[in-house]
Amino acid sequence: MHLGTILATVRSGPAVRVLILLAVALPATAQAAVLAYLDPGTGSLALQLLVGGALGAALTVKLFWRRLLGLFGRRGPEVPRNQPADLPTTNDASADR
Amino acid sequence: MPAVDSGAQRTAGSFRDPSGFVFTRGGVLYRQVNACYRADYEAVLASGLLPALWERGLLVRHSEVGLEHAADGEACRVLQPERVPFISHPYEWAFSAYRDAALATLEIQSEALRRGLTLKDASAYNIQFVDGRPVFIDTLSFERRAPGTPWGAYRQFCQHFLAPLALMARRDIRLAGLMCSHIDGVPLDLADALLGHAARWSPRLLVHIHLHARSQRRHAGVGARTRAPRGGGPRPMSELALLGILDSLRGAVAALRWQPAGTEWADYYTFTNYTDAAFEAKRALVARFLTEAAPRQVLDLGANDGTFSRLASGRGIPTVACDIDPAAVEKNYLRIRQQRETNLLPLVMDLTNPSPALGWACSERASLPQRGPADVVLALALIHHLAIGNNVPLDDIAAFFATLGRRLVIEFVPKQDSQVQVLLASRKDVFDRYHAAGFEAAFGAHFAIREAVPIAGTCRTLYAMIRRTA
């Protein structure tokens, strides 16, 4: 198990602490790697079932926190929409051409 | 599959989904809805999803036409979608364009979930750019979501969007090319291996790339050996869990940034061979040629940051601005987005190795020439990079350009030009035919040269040509 896995999980709090268990519980084998090309879909569905609860809970906390901040007149960070607002300014440069 | 009506020509990339397909007849684009998709499509109509997405500019608009337009007997409805001016591929997009396409896909899935629907695929090829905005083009990608089911397109989203974006942002922008070599997106085990620690240190990449790849290996073959539980029992996946996954993916994509620096042309813009007067003279000439040609579409090759492309797009002409440098294309895209410019599409394109035909039977994704020809091709300050920088004979350049456009506005840059001198400094001058007469002879074989105007204040000449073959 990677140090990064542990640190990232600890820093991220209980919502993703379950990931430590996942990292341990998902050993890779050469045979599995071959089968993964035939059937990558089952693992994708399984992962969603495993992490969905934690990520749903994280979203609930995030929305609750945003609402709480709203009560005190502060707005939480907006979820980026189709057109993110964080536009760096560009120079009106001309080129060789 | 029933025979397709002789007048209908099925679009090559439109075969994976049995729900329907896209075809053209008499130059008109249609999308057939097959009877097997009827129940889902009626649910989509009843949900109000389509007008909601149209309202937000996220979905290509269509009108419904009569069944007499159907391509075969499988049809239950026929749609006539608005045409996208130019079909582009993910490996050609600016980084921020790709990122916006990913966020748009997630937004569309959120909107669908709110209405009890879901996206059944999340292919990056389902997004196209119209007036600088990502637009979803596959109207038949929605289906009713069975309560408790995970997102079937989660894997495809990660392979088509998250993995390439993470590789471009966290490793190297040139890894966008992996989308060119992998028709169904970057395999997650490959992305994981290339990302290395970058996929472990970010909690979201850890889940959606690293653990996702491991889960794929862990469960490989399980689907064939076991059966999913049917009916009854607790629902395995709540809508909240699904929204949590979507929010996490949105956060993962939004956190990926790329700052152009140190790429080929990033610092090139400040070095110009033109005085202001010469630049204006060239600008006026190109503008005059465009006005005279009155093109319906323009392809600008070596467009840089799109300064000259805007002479066309600013006149309301749909214009594609290609450049080899991802930094130049990124700057162009950001400017379009910031100024809300229309009719301009910047794409990353290496003209010495243009986008090939890809996919099944080499026909799913069209090559650059297959998407043409344009009415006008601009090739300004480009010829020396191809002829001297890449040793392409002038005859071959002329022949290739003749496949790309009907008219050509091209700048000849002679050897005495300082930019050419830089190119020649590090290579032997084996370019005996590289002079104005050689250029005119080579291009004259494919084009009728209408005008050759020296650009005041420079040693360069601007040519306006018309292709000899229709």
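A: In this predicted model, Gln48(A) is found in helix 4 of chain A, which spans residues 40-71.

Q: Is Gln48(A) buried or exposed, and which residues does Gln48(A) touch?

A: A residue counts as buried when its relative accessible area is under 20%. Gln48(A) is buried, because its relative accessible area is 0%. Leaving aside residues up to four places away in sequence, Gln48(A) touches Pro150(B), Trp151(B), Tyr154(B), Met237(B), Leu242(B) and Ile245(B).

Q: Leu242(B) also lies in helix 10 of chain B; at what angle do the axes of helix 3 and helix 10 of chain B cross?

A: Angles over 145 degrees count as roughly antiparallel. The axes of helix 3 (residues 95-114) and helix 10 (residues 239-254) of chain B come within 10 Å and cross at roughly 165°, and the two helices are therefore roughly antiparallel to each other. The crossing of helix 3 and helix 10 of chain B is left-handed. On the side of helix 3 of chain B, the residues making the contact include Arg99(B), Leu103(B), Leu106(B) and Glu107(B), while those of helix 10 of chain B include Leu242(B), Leu246(B), Leu249(B) and Arg250(B).

Q: How many residues of the contact of helix 3 with helix 10 of chain B are nonpolar, polar and charged?

A: The residues of this contact divide into 10 nonpolar, 2 polar and 4 charged.

Q: Which residues of helix 6 of chain B are buried, and why are they on the same side of the helix?

A: An α-helix has 3.6 residues a turn, so residues three or four places apart point the same way. In helix 6 of chain B (residues 188-195), the buried residues are Leu188(B), Ala191(B), Asp192(B) and Leu195(B). They cover an arc of only 100° around the axis, which puts them on the same side of helix 6 of chain B. These buried residues pack against helix 4 (154-170), helix 7 (198-201) and helix 8 (203-219) of chain B.

Q: What follows helix 6 of chain B?

A: Helix 6 of chain B is followed by Gly196(B), whose phi is positive, near 55°.

Q: Where does Phe129(B) lie, and is Phe129(B) buried or exposed?

A: Phe129(B) lies in strand 7 of chain B, which covers residues 127-130. With a relative accessible area of 5%, Phe129(B) is buried. Not counting residues up to four places away in sequence, Phe129(B) touches Val84(B), Ser88(B), Trp93(B), Ala97(B), Ala101(B), Pro134(B), Tyr333(B) and Leu345(B). The C-alpha atoms of Phe129(B) and Asn304(B), 175 residues apart along the chain, are separated by 19 Å.

Terms used
Residues numbered from 1 in each chain as written. Chains lettered and ligands numbered in written order. Predicted model: local features only at pLDDT ≥ 70, side-chain atom pairs only at ≥ 80, totals over all residues. Heavy atoms only, no water. Helix = DSSP H or I, 4+ residues; strand = E, 2+ residues; numbered from the N terminus. Buried < 20%, exposed > 50% of the residue type's maximum accessible area, 1.4 Å probe, protein only. Contact = heavy atoms within 4.5 Å. Arc of directions from axis to C-beta. Axes fitted to C-alpha atoms, helices over the stretch in contact; angles between N-to-C directions. Parallel < 35°, antiparallel > 145°, perpendicular 65-115°, else oblique. Left-handed = near helix turned anticlockwise from the far one by under 90°. Nonpolar A, V, L, I, M, F, W, Y, C, P; charged D, E, K, R; others polar.
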